[in-house]
Amino acid sequence: MKLYNLKNHDEQVNFLQAVQMGLGQKQGLFFPMNLPVIEKNKLETILEMDFLTRSIKILSMFIGDEIELKYLKQYINNAFSFSGPNIVPVSKNISCCELFHGPTLAFKDFGARFMAQILSHLNNINNQVTILTATSGDTGAAVAHAFYKVKNVRVIILYPNGKISKLQESLFCTLGKNITTIAINGSFDACQKLVKQAFNDNELRTTTGLNSANSINISRLLAQICYYFEAYALISQKNRKRLVVSVPCGNFGNLTAGLLAKSMGLPIQSFIAATNANDTVPRFLSTGQWKPYNCISTISNAMDISRPNNWPRVQELFYRKQWQLKELNFGSVSDQITKETLCELKNIGYISEPHAAIAYRLLKDKLKDEEFGLFLGTAHPAKFKNVVDNVLNENIKLPFALKIPSNLPLLSYYMQPDFNKLRKFLLLKK
Ligand SMILES: *Cc1c(COP(=O)(O)O)cnc(C)c1O
C-alpha cells in the first residue's frame with residue numbers, strides 16, 4: 001500500500017511506515033494513493049460474509065501484501081475480539097448503530113485495538129516505541145487499554161484537565177504500568193498542538209521512538225471502515241435503498257472512514273456531518289471560509305474540537321472521487337437542544353448520550369420520506385452518566401467496564417501547555 005503526504009505529494013510511504021510515522025513532513029497527513037473499489041457484482045458476496053471475514057477482505061484491499069494474510073487475519077481477530085456494531089431501532093425509519101460494546105465502551109476501540117496490533121507487528125522489527133497521544137476523552141481509554149502491558153511500548157496520554165468526564169478519566173488514568181497520563185491545563189486543541197510540536201522535533205522523535213495513536217493514524221481509519229460495511233449488512237434490503245448516515249464529529253476520523261467505505265462502493269446515499277457548538281466545519285461548508293474559533297466546552301466533550309485534524313482527508317477524498325462538497329449534509333447542535341433531544345429519545349424508549357443525540361437531532365430534522373437513517377452511537381451512555389442522569393432524571397447502571405476503575409485513584413501528572421516541559425518529561429522518563 002502506498003500513501004502520500006497531503007502537504008507534500010512527493011513524500012510517499014508504505015502502510016507500515018505511515019503507521020509508524022503517524023504524520024509526514026510539515027505535519028501532513030498520509031492519504032492512500034490507490035482507492036480500492038469493490039465491483040458491483042461482488043458487493044453482495046462481501047456483505048454476506050461475517051464481520052471478521054469481511055473486515056480481513058476490506059483491510060487487505062488497502063494493505064495488500066505488506067502484511068502476510070495469515071498475520072493480518074490474526075491481528076484483526078485480536079483487535080475485533082468484542083461485539084461488533086449493533087443496530088437498534090428507535091423509530092420507524094431511524095436506528096442507532098451502536099459502536100460502544102468494546103472494552104472501553106466507545107467506537108474508538110475498533111481503531112485503537114487494530115493499531116496496537118499493527119504496532120506490535122512493527123515492534124518485532126524495531127525497539128522501544130513511545131505512543132504520544134492527545135485525547136478529548138475516549139481515545140485515551142481506547143489507546144491505553146489497547147496497549148496496556150504491551151512490551152516495549154510506553155504510552156503517554158495528554159488530556160484537557162477538568163474537561164473530560166470523571167468516568168472517562170478513571171478509565172485510563174488509573175492503569176499505571178506502561179501507561180502515563182498528563183492532565184494539561186488547557187483545551188483539547190492545546191493538547192493536540194503539543195503532540196504536533198513533539199512530532200516536529202526530530203531529535204525527540206528519534207530518541208523516544210515517537211508515535212501517535214490519534215485518529216490521524218491511518219491504521220485507525222482503515223479499521224473503522226469495517227463497521228460501516230457491517231452496519232449496512234445488518235439492515236434490511238428495503239432500508240438500504242436510501243440510506244442516510246449521521247456521524248457525530250470531532251476530529252472527523254469517523255466520518256472519513258464512512259466516506260472511504262462509500263468510496264469503495266458501499267451504497268450509502270449520503271452523510272450528515274454533525275457537530276456541537278464547535279462548528280468550524282459546518283460554517284466552512286455554508287460560507288466557504290475556514291475560520292476556527294476558540295474551543296468551547298460542551299456536554300458532548302469528545303467533540304470539543306475546533307481544528308479538526310482529519311478534515312484535509314475529507315477534502316482530498318471528495319477531490320479524488322470528484323464528489324461535490326455540497327452533497328455533504330451538515331449541522332451543529334447546541335447543548336440546550338442536545339438535552340432536549342436526549343429527553344425526546346427517552347420518550348420514544350431509547351436512552352442515549354450527548355454525542356449520539358447530536359447525530360440523531362440532525363438526522364431526524366433532515367430525513368426525508370422514503371429515506372432510512374442511521375445515527376452512530378459512539379459511546380455508552382454510562383460514560384456520560386453525570387449529564388445523562390441529570391438531564392433524564394435517571395440513575396443509569398455502570399457496566400462492569402466502568403465500575404472497577406471508578407473506585408481507583410488517579411495517577412495523572414499535571415502540566416501547563418508548555419512544550420519545553422513536555423519535552424523534558426519525555427526525555428527524562430524514558
Ligand atoms: C471521538 C468521539 C467522537 C468524534 O469522533 P471523530 O472521529 O473524532 O470525529 C464522537 N463521539 C464520541 C463519544 C467520541 O469519543
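I searched the whole structure, a predicted model, and got four cavities of 30 Å³ or more. The largest cavity holds about 280 Å³ of space. I counted 27 residues in its lining, with Phe 107, Lys 108, Gly 250, Asn 251 and Ala 302 nearest the centre. Next I looked up which elements give two or more residues to that lining: they are α6 (138–147), α8, α10 (218–234) and α12 (253–263). α12 has the largest share, at three residues. By class I noted eleven nonpolar, 13 polar and three charged residues around the largest cavity.

**Ligand.** Which residues are closest to the ligand? I found 15 residues surrounding it, and the closest are Lys 108, Asp 138, Gly 250, Asn 251 and Phe 252. Lys 108, Gly 250 and Asn 251 were already in my notes, among the residues nearest the centre of the largest cavity.

Then I went through the contacts to ligand oxygen atoms. Asp 138 puts a polar side-chain atom 2.5 Å from an oxygen of the ligand. With Gly 253 it is a backbone N or O atom, 3.1 Å from a ligand oxygen. Asn 254 also uses a backbone N or O atom, and I read 2.8 Å to a ligand oxygen there. How much of the ligand's accessible area does the protein cover? The figure I got is 98% of the 380 Å² that the ligand has on its own.

**Largest pocket.** I moved on to the open sites. The volume of the largest pocket comes out at about 430 Å³. Its lining has 20 residues, and the closest to the centre are Lys 196, Arg 307, Pro 308, Asn 309 and Pro 312. Two elements turned up as giving two or more residues to this lining, α8 (188–200) and α14 (311–321). The largest share, five residues, is from α8. I had α8 down for the lining of the largest cavity as well.

Key
Residues are numbered from 1 along each chain as its sequence is written. This is a predicted model: local features need pLDDT of at least 70, side-chain atom pairs count only at pLDDT 80 or more; totals for chains, interfaces and linings use all residues. Side-chain values use heavy atoms; hydrogens and water are left out. On a 1 Å grid over the protein atoms alone, a cavity is a set of points where a 1.4 Å probe fits but cannot get out, and a pocket is an open set with protein on both sides within 12 Å along at least five of seven lines; lining residues have an atom within 4 Å of a point. Grid points are joined across faces, edges and corners, and a volume is the space filled by probe spheres set on the points. Helices (H or I, at least four residues) and strands (E, at least two) are DSSP runs, numbered from the N terminus. A residue is near a molecule or strand if one of its heavy atoms lies within 4 Å of it. A polar contact is a pair of N or O atoms within 3.5 Å; within protein, one must be able to donate a hydrogen and the other to accept it, and residues adjacent in sequence count only if both atoms are side-chain atoms. Accessible areas come from the Shrake-Rupley method with a 1.4 Å probe; for residues, only the protein chains shown count as cover. Ala, Val, Leu, Ile, Met, Phe, Trp, Tyr, Cys and Pro count as nonpolar, Asp, Glu, Lys and Arg as charged, and the others, Gly among them, as polar.
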